[in-house]
Amino acid sequence: MSLRQFLRALHARRRVFVVALAAVVLAATLASLMTPKSYRATVALLVDAKDEQSLSDALRPLVLPQERVSYLQTQVDILTSPKVARQVVQELRLTENPAALAALGVQRRTDRRDEDRLVEALLHHFKAETSQSSVIQASFTCTDAHLAATIANAFANSYVNTMLELRVAPTRKAAAWFEEQLKGLRANLEEAQAKLSAQTKLDAESKLAQNPERLPEVMDNAFIQQLKADVLHGEAKLQQLATEYGVNHPVYRRQASENQSLRARLQAEMRKVVAGAASSDGLASANRGSHPRDLRAQPLDQVLTRNVESAERAYDTAMQRYVVSQVESRASQTNVAVLNPAVAPLAAYRPNIALNLALSLISGIALGGILVVFLEMQDRRVRTAEDLLIVNRRLPLLAVLGDDRRPAGLLTGPPATVLRALPKPG
């Protein structure tokens, strides 16, 4: 069917077209008027990938576009999760608000699943969208404008609290775990230090037992040499006093006591010098033996020194991680902020009467056209000579009945009393 034929059929069956169009528009108008009004409140959330309260570089700036899209999609999934919706129900106490239950279309029952039904209803009416920017548009729709704004803002607050909880909870567990590990590492370090100290003391005592006066450290010590000179001077004086006064004289006894004190002091100083020399030798040998060798071929002091150094490195590393986890577990802010809080909308979001009427006009025109074509195909009429030629091109056209003096328009023609459509031939 050509466009000219369709327009002629539309003109002939205009009543069907008008009835279909009017029916569709009337139905859309009645549905729009009978549909309860619903309001949509929107809150804008700013998500920043940088975190100023983090000591680690876990949250580095997102450079690649796919990384940003993936990160924002993750935030949208968290925002629309049942965990956030459940916090909204508990924060606003929606289970105890009959007006909110009615606005959300939830019937209160006697069982314990009212909260679950509210969570499902909230997620059904809640929607979060994001674009190329770092702003998430979250909206909530219900029949009460003020309730819609309240729930939208509650979603934003619960989302921020959930993000803070998801960030702080793992770091708290990590800090507690590192604290437990530090106890064992500290005990290992103290044990290694005690073993090294005991071995150093044994080495010093052995050196001291092997005539420590011949050690270079002792011979080069000026203070020890001064004490030796004082001891020799005291012994000489003691012999002189024994000759003059005898061994029972108080002066002799006082000098003997002073000589004994000098010898004890000399022995103590030599022990200190020997112990320091043994410790220095152990550290030097540990530094010299830094290349990998069999520990059984090394001296015992080097092995113990290596154990102490390994224990210190493990303890320092665990302490650094513990400090980082401890600091991050005390964070009070997140990288999410409310950019624009939701306000109660002034106009209803649904129904949109103007849009519904426009769509009904388009739908009515399409339906009327389809009905006209369907009726025309079911009951084909011959209205012009062109229709006869389309039916059978082999039959010659002898004449055309009608008034040829009137201009033949697209939809105009002679009156029905002059020219009537012939039924479909054959």
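In the predicted model, the axes of helix α4 (residues 82-92) and helix α6 (residues 114-125) come within 9 Å of each other and cross at roughly 115°. Helix α4 is therefore roughly perpendicular to α6. The crossing in which α4 passes α6 is right-handed.

The contact between the two helices is formed on the α4 side by Pro 82, Ala 85, Arg 86, Val 88, Val 89 and Gln 90. On the α6 side, these residues meet Glu 115, Asp 116, Leu 118, Val 119, Leu 122 and Leu 123. By residue class, the contact of α4 with α6 comprises eight nonpolar residues, one polar residue and three charged residues.

Burial within α4 was examined next. Val 84, Ala 85, Val 88 and Val 89 of this helix are buried. These residues lie on the same side of α4, because they cover an arc of only 145° around the axis. Among the buried residues of α4 are Ala 85, Val 88 and Val 89, and these three residues are also included in the contact with α6.

The segment that comes after the helix was also considered. Helix α4 is followed by Arg 93, whose phi is positive, near 55°. Arg 93 adopts this positive phi although it is not a glycine. The residue is situated in the loop between α4 and α5 (98-104). Arg 93 has a relative accessibility of 57% and therefore counts as exposed, the cut-off for exposure being over 50%.

Notes. Residues numbered from 1 in each chain as written. Predicted model: local features only at pLDDT ≥ 70, side-chain atom pairs only at ≥ 80, totals over all residues. Heavy atoms only, no water. Axes fitted to C-alpha atoms, helices over the stretch in contact; angles between N-to-C directions. Helix = DSSP H or I, 4+ residues; strand = E, 2+ residues; numbered from the N terminus. Parallel < 35°, antiparallel > 145°, perpendicular 65-115°, else oblique. Left-handed = near helix turned anticlockwise from the far one by under 90°. Contact = heavy atoms within 4.5 Å. Nonpolar A, V, L, I, M, F, W, Y, C, P; charged D, E, K, R; others polar. Buried < 20%, exposed > 50% of the residue type's maximum accessible area, 1.4 Å probe, protein only. Arc of directions from axis to C-beta.
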